[in-house]
Protein chains: 2
Amino acid sequence: MLTYRAPIADARFLLSEVFDYRSLTQLQGWEDIDIDTAMTVIEAAAAFAKGELHPLNRSSDEIGCSIDNGVVRTPPGFIEAYRNYVADGWQSLCCDPEHGGQDFPSVIGGLIAEIVASSSMAFSMFSGLTLGAYRAVRAHGSDALKSTYLPKLATGVWTGTMCMTEPQAGTDLSLIRTRALPQPNGTYRINGTKIFISGGEHDLAENIVHLVLAKLPDAPSGSRGVSLFLVPKFLPNPDGTLGARNEVQCGSIEHKMGLRGSPTCVLNFDDAIGWLLGKPHGGLAAMFTMMNSARLEVAIQALGVAHASYENAAPYAKERLQSRSLAGNSDARLPADPIIAHPDVRRNLLTMKAFIEGARALAVWVGLEADIAERHPDPDIREASHDFVALMTPIVKAYFSDTGADICALGMQIFGGHGYIRENGMEQLLRDIRIIPLYEGTNGIQAMDLVGRKLSMRGGQLLGRFMSPVTAFLETHADDPDLIELLPPVRDALKELEQSIALVLNKGKDQPVEIGAAATELLRQFGLVAMGFVWLRIAKAAAHGQAQEENREFYSSKLITARFFIHRLLPEARFRAAAVASGSSTVMAMQVEQF
Amino acid sequence: MLTYRAPIADARFLLSEVFDYRSLTQLQGWEDIDIDTAMTVIEAAAAFAKGELHPLNRSSDEIGCSIDNGVVRTPPGFIEAYRNYVADGWQSLCCDPEHGGQDFPSVIGGLIAEIVASSSMAFSMFSGLTLGAYRAVRAHGSDALKSTYLPKLATGVWTGTMCMTEPQAGTDLSLIRTRALPQPNGTYRINGTKIFISGGEHDLAENIVHLVLAKLPDAPSGSRGVSLFLVPKFLPNPDGTLGARNEVQCGSIEHKMGLRGSPTCVLNFDDAIGWLLGKPHGGLAAMFTMMNSARLEVAIQALGVAHASYENAAPYAKERLQSRSLAGNSDARLPADPIIAHPDVRRNLLTMKAFIEGARALAVWVGLEADIAERHPDPDIREASHDFVALMTPIVKAYFSDTGADICALGMQIFGGHGYIRENGMEQLLRDIRIIPLYEGTNGIQAMDLVGRKLSMRGGQLLGRFMSPVTAFLETHADDPDLIELLPPVRDALKELEQSIALVLNKGKDQPVEIGAAATELLRQFGLVAMGFVWLRIAKAAAHGQAQEENREFYSSKLITARFFIHRLLPEARFRAAAVASGSSTVMAMQVEQF
């Protein structure tokens, strides 16, 4: 049975010492949410997650979900946990007050989402998708739809789904066959089958709000011909009570590698009544409101699951006694030394720690910018922050999920053969996290989004939103004695990243395959450099903090981990650069028949 | 449901064009096993595996094994499949004629073991451990034990196990508590509990031969005090029939992440009767006869499972239609292009192919040397080959299993979300293969075996067995026009490997933690360089083969894949070298409490 410990000290350090959370409290509506208020809420969330969610995680995997005649049951305990989650206001934390929300900044919501995912990734699916649906309806719904649905979604009385995939249409949404037929009363009739719908049917809430991609009769071909519809499981009456059952049924649930506490549904829409969200044929843009939020959310899930792995691997390494230390400092009273004495076990733990703490810093940075993009009074600053978030979204989604899965494998490795045994829980984390590189756009798609779209968007303006603050920091601190050893490798890695980007974009102008052949490795290189940079910022803050009396061990652990990341893990960026530089011919030379 | 296609053409190419299988046919007993005979047998094994084992693999995972009152049942179909496997002579293939074996070289056995593991890794556990037990009894048993057990193990009438791990003793076998009490009649009474015993109890064979590590009453402390015992489930009568049940019982079977068709048993020895194998207190050396064989076997398993992933990912990528090609060569009659048109999908497939075919080449090389070590008339040549196998064993075990797991993740990735669904079978391959980095010594232990023991053994003599042929090849082909583009990166990587080794061994003389802190990355660097070298040899053979009329596509695919490996994957070696060079301080600076 796994234990759980939330990263409270790290959250406070990141918000108040590495980044400038206080700047948010100057924005309208957030004046009262100071750092202490925010930390109080984070600590309460951690207590809830540890007390109510974490105990369900193992059994939710063992028992899973079930379906009987279209009725889906979630694992034992989920109904009560969800009821309490909603009642305690966690679902509504970042929603608008007018819908019953508490209007917290999303950076705080992100730190709490990590904690929820660490405790039970399966449970976190419901809350994450419901928040995504809330945001999509808020951005694209008519006033009537907003007033009916937003209060219910904000408070989690109803949950949300994202219905995109069909058997023949995954990445390529132009291929969807679900149809929407306009009705004289302004509604639509939806017909079609959607697959891989997380939370498509369940017993946690009285109603489910499906956001469904479908084609209108006059749809142009291609992905421009897709529209978004809101299709509730039960049709709301004008007074807000639930009316008739809509014609959407769950045909089956998938048997999956992991995430077994979350029902993945086949949904059949059979003349279901729906309402258009956004413009006709503008469904993809509307859905991307939800999708971008979801991509950041699943990146944070990956971080949370990796954190859960570390929080169990580290205590195990301190307790498990095997073999003698090479350092000659054994405790002769014990039959063997704790395996944390062995350098290779430490290397695994530090690899985990360096990823988790660096990724958390990156997530906080992106979260702060997302909040600024939402609410800063200056439109130029809003745009700059929006650009930054758009740029970083595919990077964190792909880098966190690929690396997070590797981290969970390392956590298992520290348990030795015991890591492979279900009862010990470590293997569940690896099975659960393995969906993240696949869903919300595979990581290959994230790489194309970054390299094929965002790097060159508006003449490189998005890229500049990353490069400018990084370059400024490197220049300011070029001779900073605190960073004397750590800064040069990051500066070199940044230069090499700029070279890789220039090379690929230049070649890609005439030959788009060059983009495709380089995309994954270039995203990876970018992720590593971004991590190197946040580790510099962490190191700077930690060096400053070390001068204080308190928490010296905390600060010194940050400096040691920064050094580990920059000297042992960042060199991977150069390997990726070599792969990028090798060009598309290494990839495209083979004929299809030769595979 | 997965498909399966055995690597027949590749096996023939490796044996006859890349390496010199014919040299084995000059050794006593193998005169008649020419390449055509060997290939006939490999093809027959592939037909058996495809027809009888592969159809069981999915259901063996779904249904798993069961235990009822100490009786373990294997998944449906395993009894019949095992009966046919034994009857068709696959178990006895590499055993001695005097025990009913067919005396095939182990390199051929290895190629067949890969095929069996590709079809059903769970099934391959039984045959692999039985062969290992056969070899251990043959090497260390008394004449009486040999005559009783070897014919039964060789023909698979009885199966074998390796009983080492106890709850408190995994890596550190000095901690075992199982006791062996000498009896006046020369037997021993064994008492203790062993865990993680693959095939410790099952319904495939009439008897099970446990090889058990235990301590004698006068055992010195530490791992030097461990002895090896043969403990049968049923005690054989003098006439070879089965006698009384011995006091060894299966207490439970583990619930595991994967490999669910193979029962992983807790075995309780309660005054069980056993016989000493080898010398008192010499159990570890005796067990390592079995262990080294097992480490090569599980490396080959990893290759086989990765191959199974590729063989399904490649056809899926040719069939699955999503999005349009970036190359502008779309087939307008189709709604979208096959995803193999997309560079990133190709990159994934080539990464898989480059690992699988390179690893197979490395496995064949090691297999050939193992056969030479066994049977060459010249003791110096035997020693040289034995050294080479000893050096390469930890490298192939760790490199194949770590990379094999990554490869299975790539295979899932090509399936998109469908890769996560159990019915499609791709996720099972990842769950199954994930045990390999953990068992037969974790990969961290392999790294210590390589760097802490074998690299410096006998003044570097083992290392020379790799370096000499590699350096000779590089010198001979320095100006070979066939390798003009491929050779320099491998030569550079070899130089850097030599530098890494010198650095670590030098620092490690005084500070053993330097060995531990560098071991995993140095093993990885070594594995990559070894792969780079075999890809050079493959490229040379393919360049030669391309001059022929036939199979031009086969040879050109080898050249393209060689180029892919050397330009896109080999650069990882330099990243690992940087980590090695960073030294132990990056790893050891943290205090235990800071984790």
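A crossing is left-handed if the near helix is turned anticlockwise from the far one by less than a right angle, and right-handed if clockwise.

Some ground rules. This is a predicted model, where local features need pLDDT of at least 70 and side-chain atom pairs count only at pLDDT 80 or more, while totals for chains, interfaces and linings use all residues. Residues are numbered from 1 along each chain as its sequence is written, chains are lettered from A and ligands numbered from 1 in the order in which they are written, and side-chain values use heavy atoms, with hydrogens and water left out.

Helix pairs come first. Helices here are DSSP runs (H or I, at least four residues), and strands are too (E, at least two), numbered from the N terminus. Axes are lines fitted to C-alpha atoms, for helices over the stretch in contact, and angles run from 0 to 180 degrees between N-to-C directions.

Take α9(B), residues 379-414, and α11(B), residues 443-454. Their axes come within 9 Å and cross at roughly 150 degrees. So α9(B) and α11(B) are roughly antiparallel. The cut-offs: under 35 degrees is roughly parallel, over 145 roughly antiparallel, 65 to 115 roughly perpendicular, and the rest oblique. α9(B) passes α11(B) in a left-handed crossing.

Who meets whom? Contact means heavy atoms within 4.5 Å. From α9(B) we have A390(B), L391(B), P394(B), I395(B), K397(B), A398(B), S401(B) and D402(B). From α11(B), the partners are N443(B), Q446(B), D449(B), L450(B) and K454(B). By class, the residues of this contact are six nonpolar, three polar and four charged. Nonpolar covers Ala, Val, Leu, Ile, Met, Phe, Trp, Tyr, Cys and Pro; charged covers Asp, Glu, Lys and Arg; the others, Gly among them, are polar.

Next pair: α2(B), residues 35-63, and α4(B), residues 106-119. Here the angle is about 20 degrees, with the axes 8 Å apart. Therefore α2(B) and α4(B) are roughly parallel. Their crossing is right-handed. The residues that α2(B) brings include A38(B), V41(B), I42(B), A45(B) and L53(B). On the α4(B) side, I108(B), L111(B), I112(B) and V116(B) are among them. This contact has 12 nonpolar, three polar and one charged residues.

Now the charges. Side chains of opposite charge can pair when their charged atoms come close. A salt bridge is a side-chain nitrogen of Lys or Arg within 4 Å of a carboxyl oxygen of Asp or Glu. By that rule, the count over all chains is 73 salt bridges.

One: D61(A) and R58(A), 3.2 Å, N to O. Both lie in helix α2 of chain A, three residues apart, about one turn of the helix. Both D61(A) and R58(A) are buried.

Two: D337(A) with R324(A), closest N and O atoms 3.6 Å apart. Both sit in the loop between α7 and α8 of chain A, 13 residues apart. D337(A) is buried at 4%. R324(A) is partly exposed at 37%.

R465(A) is partly exposed at 24%, and D387(A) is buried at 2%.

The network: D10(A), E114(A), K353(A), E357(A), R360(A) and K558(A) are linked by salt bridges.

Contacts within four places in sequence are left out for V529(A), D103(B) and E521(A).

V529(A) is in helix α14 of chain A, residues 512-546. At 2% relative accessibility, V529(A) is buried. What does V529(A) touch? A493(A), L494(A), L497(A) and L570(A). V529(A) and T351(A) are 178 residues apart in sequence and 16 Å apart in space, C-alpha to C-alpha.

E521(A) is also in helix α14 of chain A. E521(A) is buried at 3%. Which residues does E521(A) contact? R576(A), A579(A) and V580(A), plus R347(B) and R568(B).

D103(B) sits in the loop between α3 and α4 of chain B. D103(B) is buried at 10%. Its contacts include G29(B), W30(B), C94(B), C95(B) and R375(B).

Definitions and conventions. Buried < 20%, exposed > 50% of the residue type's maximum accessible area, 1.4 Å probe, protein only.
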